[in-house]
Amino acid sequence: MNKSNIITWVGLVSFTLLTFYSSEALFTGKQLALVLMGIVVVKFLGIGYQFIELKRAHTVWKVLFTGFILVFGLLVVVFA
Amino acid sequence: MTETIEPQDKSIYYPPGGLLIWIIVFLELLTFGAFLIVFLAYRKADLETFTSAQQVLNSTLGMINTIVLLTSGLFMAAGLVELKKGGIKTHMYLGITIALGILFMALKGYEYYEKIELGIGFNTNQFFVFYWLLTGFHLIHVLVAVVLVSYMLYNIKSGSYSSTNFEDVETAGVFWHMCDLIWIFLFPIIYLLH
């Protein structure tokens with residue numbers, strides 16, 4: 001199995017656990033939304049660029065993909 | 001492991017899996033995204049109801065399901081890499097992907113059973129309208145992904161796809177990963193944000 005995919009998976013699972021424990025004990029409200037969405041952005045890009053292999057796609061697709069999650073993450077923090 | 005680089009890789013018209021699936025991916029992301037922003041607006045207007053309703057959710061089960069989906073994504077990616085290089089583990093990797101998709105649906109089914117046992121339905125309150133709709137639509141997507149990848153696996157076994165003819169499998173793979181992408185922002189917003 002692809003070593004960089006395994007490393008990405010370990011990162012994704014670690015970030016998932018961090019998400020869970022951040023919400024359980026560390027933060028609330030706007031602060032929590034910022035932490036959660038920060039982690040979501042990293043995970044989203046990890047899946048897109050590594051698992052879907054968007055890293056080898058045209059720049060336009062990378063910009064659209066990254067742009068979507070950044071705008072969405074920002075909106076969530078604003079509305080939370 | 002070396003990754004297969006196709007000549008059309010950098011073309012704007014050929015993103016991984018093809019142009020059509022990416023139109024679908026962006027439409028789905030925008031739909032779920034807009035739905036979640038509306039959810040947050042309703043939540044802000046009635047924070048007390050939403051916070052108390054959220055406490056009924058089983059966030060541990062949600063976290064386990066997140067890990068199940070992420071792991072299925074790893075095996076989907078591995079299966080495609082194996083197919084592209086003509087490896088022998090494609091069947092095994094895609095089989096594990098499908099099994100993990102079924103496990104996700106089973107855990108989600110258990111979660112729904114828990115709610116129904118507690119008398120929680122579609123009309124319990126505004127929070128649960130969003131909960132059933134958002135998680136239900138996502139579950140339907142996972143079901144479609146399981147059917148798609150199962151069909152691809154059947155065709156790979158019958159020799160219809162190979163290291164030189166894998167575009168449809170790549171497209172199904174993008175659909176599978178789309179289910180991951182939706183879940184990784186749906187889960188923290190519905191289950192964890194308080």
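**View 1. Ile182(B) and the residues it touches.** Ile182(B) touches Glu28(B), Phe32(B), His138(B) and His141(B), leaving aside residues up to four places away in sequence. Two residues are in contact if their C-beta atoms, placed from the backbone, lie within 7 Å. This is a predicted model, in which local features need pLDDT of at least 70, side-chain atom pairs count only at pLDDT 80 or more, and totals for chains, interfaces and linings use all residues. Residues are numbered from 1 along each chain as its sequence is written, while chains are lettered from A and ligands numbered from 1 in the order in which they are written.

**View 2. Helices H5(B) and H6(B) packed together.** H5 of chain B spans residues 126-157, and H6 of chain B spans residues 167-192. Helices are DSSP runs (H or I, at least four residues; strands are E, at least two), numbered from the N terminus. The two axes lie 9 Å apart, at an angle of about 160°. Axes are lines fitted to C-alpha atoms, for helices over the stretch in contact, and angles run from 0 to 180 degrees between N-to-C directions. H5(B) and H6(B) are therefore roughly antiparallel (angles over 145 degrees). Residues making the contact include Val149(B) of H5(B) and Cys179(B), Ile182(B) and Leu186(B) of H6(B). By class, this contact has 17 nonpolar, 2 polar and 1 charged residues. Ala, Val, Leu, Ile, Met, Phe, Trp, Tyr, Cys and Pro count as nonpolar, Asp, Glu, Lys and Arg as charged, and the others, Gly among them, as polar.

**View 3. The largest nonpolar core.** This core has 72 residues. A nonpolar core is a set of buried Ala, Val, Leu, Ile, Met, Phe, Trp, Tyr and Cys residues joined through C-beta atoms within 7 Å. Buried means that 20 or more other C-beta atoms lie within 10 Å of a residue's own. Leu36(A), Val149(B), Cys179(B), Ile182(B) and Leu186(B) have the most contacts inside the core. H6(B) gives the largest share, 17 residues. H1, H2 and H3 of chain A are among the elements that give two or more residues.

**View 4. Where chain A meets chain B.** Here 34 residues of chain A are in contact with 38 residues of chain B. Helices H1 (3-26), H2 (29-51) and H3 (59-79) of chain A each supply at least two residues of the side that touches chain B. That side of chain A divides into 24 nonpolar, 7 polar and 3 charged residues.

**View 5. Chain B as a whole.** Chain B has 6 helices and 0 strands. Buried residues make up 40% of its 194 residues.

Terms used: Parallel < 35°, antiparallel > 145°, perpendicular 65-115°, else oblique. Buried ≥ 20, exposed ≤ 12 C-beta atoms within 10 Å, placed from the backbone.
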